[in-house]
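Please prepare a briefing on the structure shown below.

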Amino acid sequence: MTDRERVYPSRLKGGAAPGAANGGPSLAVPPNKAHPYNAARPVYRPKAPPRRSHRRGCCCSCCLCTTLFIFIILLLAAIAGAVFYALYRPHRPSFNVASLSLSEFNLTDTAVTSAFNVTITARNTNSEIAFFYDQISVKIISGEIGIGDGIFPGFTLSKKNATNLRAIVSTANYVFPDGTDISPLKSSFNSRNLPVKIQMETKVKTKIGKIETTKLKIRVYCNGINIGIPNGETASVAAISNLKCKVDPRIKIFKWTI
């Protein structure tokens with residue numbers, strides 16, 4: 001092939017060049033070249049699916065193990081509690097007001113003087129548990145006003161046993177704090193009928209076999225008592241018959257008490 005045939009192949013082989021059919025001059029048309037569309041654009045490659053985070057899987061496993069551990073501990077504690085109850089049948093200590101008398105009660109606008117004689121019966125109905133009580137503080141309250149204070153000495157209450165606690169609970173010219181509303185107390189004084197409640201606080205330790213527990217704070221409430229105010233030297237006696245008191249264990253967890 002000559003150089004002329006390389007440059008104008010279609011013309012030399014009988015093909016009409018563009019423009020020749022209309023009598024125009026023949027123009028050489030270079031051969032078409034393939035131009036890929038947007039050749040500089042990078043080739044698309046699909047992304048691989050995201051992998052699961054190992055850290056998240058570890059956290060889920062840790063939470064599951066912790067939950068399972070707590071459940072096992074609670075289950076074991078429940079089983080131990082059930083076994084303990086079946087073996088020892090524990091009961092709370094009980095307190096009853098055996099007698100209450102009032103020998104003196106004087107009231108003014110600013111102060112009160114009183115003298116109560118209190119007898120409390122403490123019982124232990126457990127056959128395998130003994131109680132060891134610290135000193136017990138005693139208060140007598142009318143409405144929201146304290147009108148007497150006293151103490152019972154500490155004592156031990158052995159299995160299936162009971163004991164009587166006696167004390168004088170009194171106050172001598174106790175001055176009311178500022179802002180105290182004494183109108184209910186005045187009304188009771190004028191009617192010569194005084195509603196009161198007895199409140200006791202102490203700490204108790206228990207002994208089960210050879211095992212001794214730590215001391216637990218308890219509060220005892222004896223409500224629903226009415227006593228007459230004496231007119232002379234003869235003491236008035238409350239009409240009660242072994243009034244049962246409520247025992248409230250006070251369990252301290254960190255800074256909270258329940």
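Helices (H or I, at least four residues) and strands (E, at least two) are DSSP runs, numbered from the N terminus. On that basis, Thr 66 lies in helix α3, which spans residues 54-88. The protein is a predicted model, in which local features need pLDDT of at least 70 and side-chain atom pairs count only at pLDDT 80 or more, while totals for chains, interfaces and linings use all residues. Residues are numbered from 1 along each chain as its sequence is written, and side-chain values use heavy atoms, with hydrogens and water left out.

**Overall composition**

- The protein has four helices and 15 strands.
- Of its 258 residues, 27% are buried (under 20% relative accessible area; exposed is over 50% and partly exposed in between, with a 1.4 Å probe and protein chains only).
- Among contacts (heavy atoms within 4.5 Å) with a separation of 6 or more, 67% join residues 24 or more positions apart.

**Confidence**

- The mean pLDDT (the predictor's confidence in each residue, from 0 to 100) is 80, and 71% of the residues score at least 70.
- Confidence is highest in strand β4 (residues 136-142), at a mean of 97, and lowest in strand β15 (residues 256-257), at 42.
- Residues 10-17 stay under 50 in pLDDT, and the model has six contacts beyond four places in sequence for them.
- Residues 253-258 also stay under 50, with eight contacts beyond four places in sequence.

**The cavity**

- A cavity is a set of points, on a 1 Å grid over the protein atoms alone, where a 1.4 Å probe fits but cannot get out; lining residues have an atom within 4 Å of a point.
- Grid points are joined across faces, edges and corners, and a volume is the space filled by probe spheres set on the points.
- The structure holds one cavity of 30 Å³ or more, and the largest cavity contains about 30 Å³ of space.
- Its lining consists of Phe 95, Ile 136, Met 200, Glu 201, Thr 202, Ile 218 and Val 220.
- Strands β8 (193-208) and β10 (216-228) each supply at least two lining residues, and β8 gives the most, with three.
- By class, five lining residues are nonpolar, one is polar and one is charged (Ala, Val, Leu, Ile, Met, Phe, Trp, Tyr, Cys and Pro count as nonpolar, Asp, Glu, Lys and Arg as charged, and the others, Gly among them, as polar).

**Residues of strand β8**

- Thr 202 is found in strand β8 and is buried, because its relative accessible area is 7%.
- A polar atom of the Thr 202 side chain lies 3.2 Å from the backbone oxygen of Gln 135.
- Beyond four places in sequence, Thr 202 is in contact with residues including Gln 135, Ile 136, Leu 216 and Ile 218.
- Pro 195 is also found in strand β8 and is partly exposed, at 35% relative accessible area.
- Pro 195 and Gly 143 are 52 residues apart in sequence, yet their C-alpha atoms are 7.5 Å apart.
- Among the residues that Pro 195 touches beyond four places in sequence are Ile 141, Ser 188 and Ile 225.

**Two further threonines**

- Thr 119, in strand β2 (residues 111-124), counts as buried because its relative accessibility is 11%.
- Contacts of Thr 119 beyond four places in sequence include Val 97, Ser 99, Asn 164 and Arg 166.
- Thr 66 is partly exposed, with a relative accessible area of 39%.
- A polar atom of the Thr 66 side chain lies 2.9 Å from the backbone oxygen of Cys 62.

Definitions and conventions:
On a 1 Å grid over the protein atoms alone, a cavity is a set of points where a 1.4 Å probe fits but cannot get out, and a pocket is an open set with protein on both sides within 12 Å along at least five of seven lines; lining residues have an atom within 4 Å of a point. A polar contact is a pair of N or O atoms within 3.5 Å; within protein, one must be able to donate a hydrogen and the other to accept it, and residues adjacent in sequence count only if both atoms are side-chain atoms.
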